[in-house]
Amino acid sequence: MFNITTGTEFLLLGFSEVRELQLVHGMMFLLVYLAALMGNLLIVTVTALDERLHTPMYFFLSNLALIDLCLISVTVPKSVVNSLTNNRSISFLGCVLQVLFFISLASTEMILLTVMSHDRYTAICHPLRYEVVMNRGACGKMAAASWLSGGLSGLMHMATTFSEPFCGSHVIHHFFCEAPHLLAQAGSTVILREVKVTIFTASLSFLCFISIIISYIRIFSIVLKIPSVEGRSKAFSTCLPHLVVVILFLSAGAFAYLKSKSNGPSGVDLFLSMFYSIVPPAMNPIIYSLRNRELKVGLRRMLCGTIDRGAFWEKCVRDIAMGRK
């Protein structure tokens, strides 16, 4: 049963007890957060306003940017406020919400990355069927399934982690409430329940990873057969950024959750958690835009004011009207 003792507080010890280093940490995290905020908001805005980018690939990319925007907002703002104000406490409810939203969004991103690999596989290996398979309805259902599945995963982990009162110290040697660190303070019953849930979600994550690998093996086998250098370059430019994001996200996340947690401070734990919770949301806009000519052109058009916003809103109204019919 879910523990509703909301009066309990946790202490997030973060990176250092030295006040000067806390300020440095707070300012660095603030700069990274603002950069991630701006980059992901630009992707969402450009893909929404530019009709040339109203394709399945950019639809999923805008969903990924929205997930990254929410993911980094779950942990970093609280850490920045704590560092700058020298207040390390987080309420019980705040900790519950961090666990819920962080795992939900991370799981959603994992599933969405799998969907994006399927999109690229269909576009490159079955181009004649692409518009039929990846139609608007199918894309919407895939995105909705990703969000709902991720939310269910977060609810499962939250319910098991906070199913009983914490018997140990309320001191967490971390900059946010990460489930493995909370379990170090929990009883054996809670740990056993969480292990079962983790095995289930880890198995699904492994299946997603295998699906991504199989998709890219097939993609690269087709791409390498393309006779023109320009054709191969275009195919690689749409696939390699996605593959880099998958490797960054999965490798750091797997190490962070599979590594045994200690009750004391660990630089390795902090680094790994920072690497998969902060680096991907901040780096994804850079990775996707560097080798993506269409996205850079769309961004340039938006900044220069050449995107027809009136046509965009007319299209939105028309789509809503058609949906009602």
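## A quick tour of the cavity and the helices

Sorted by class, the residues lining the largest cavity are four nonpolar, seven polar and one charged. Keep in mind that this is a predicted model.

**The cavities**

- The count comes to three cavities of 30 Å³ or more.
- In the largest cavity there's about 130 Å³ of space.
- Its lining is made up of L12, L13, G14, F15, S16, Q22, H25, S79, N82, S83, R88 and F175.
- Helix 1 and helix 2 (56-85) each bring at least two residues to that lining.
- Helix 2 gives the largest share of the lining, with three residues.

**Where helix 1 meets helix 11**

- Helix 1 covers residues 19-49 and helix 11 covers residues 293-304; the two pack at an angle of about 85°, and their axes are 10 Å apart.
- Angles of 65 to 115 degrees count as roughly perpendicular, so helix 1 is roughly perpendicular to helix 11.
- On the helix 1 side, the contact is made by L42, I43, T45, V46, T47 and L49, while helix 11 puts in L295, G298, L299 and M302.
- Seven of the residues in this contact are nonpolar and three are polar, with no charged ones.

- For residues 96-117, the model shows 100% helix and 0% strand, and the end C-alpha atoms lie 32 Å apart.
- Residues 197-217 are likewise 100% helix and 0% strand, with 30 Å between the end C-alpha atoms.

Technical notes: Residues are numbered from 1 along each chain as its sequence is written. This is a predicted model: local features need pLDDT of at least 70, side-chain atom pairs count only at pLDDT 80 or more; totals for chains, interfaces and linings use all residues. Side-chain values use heavy atoms; hydrogens and water are left out. Axes are lines fitted to C-alpha atoms, for helices over the stretch in contact, and angles run from 0 to 180 degrees between N-to-C directions. Helices (H or I, at least four residues) and strands (E, at least two) are DSSP runs, numbered from the N terminus. Angles under 35 degrees count as roughly parallel, over 145 as roughly antiparallel, 65 to 115 as roughly perpendicular and the rest as oblique. Contact means heavy atoms within 4.5 Å. Ala, Val, Leu, Ile, Met, Phe, Trp, Tyr, Cys and Pro count as nonpolar, Asp, Glu, Lys and Arg as charged, and the others, Gly among them, as polar. On a 1 Å grid over the protein atoms alone, a cavity is a set of points where a 1.4 Å probe fits but cannot get out, and a pocket is an open set with protein on both sides within 12 Å along at least five of seven lines; lining residues have an atom within 4 Å of a point. Grid points are joined across faces, edges and corners, and a volume is the space filled by probe spheres set on the points.
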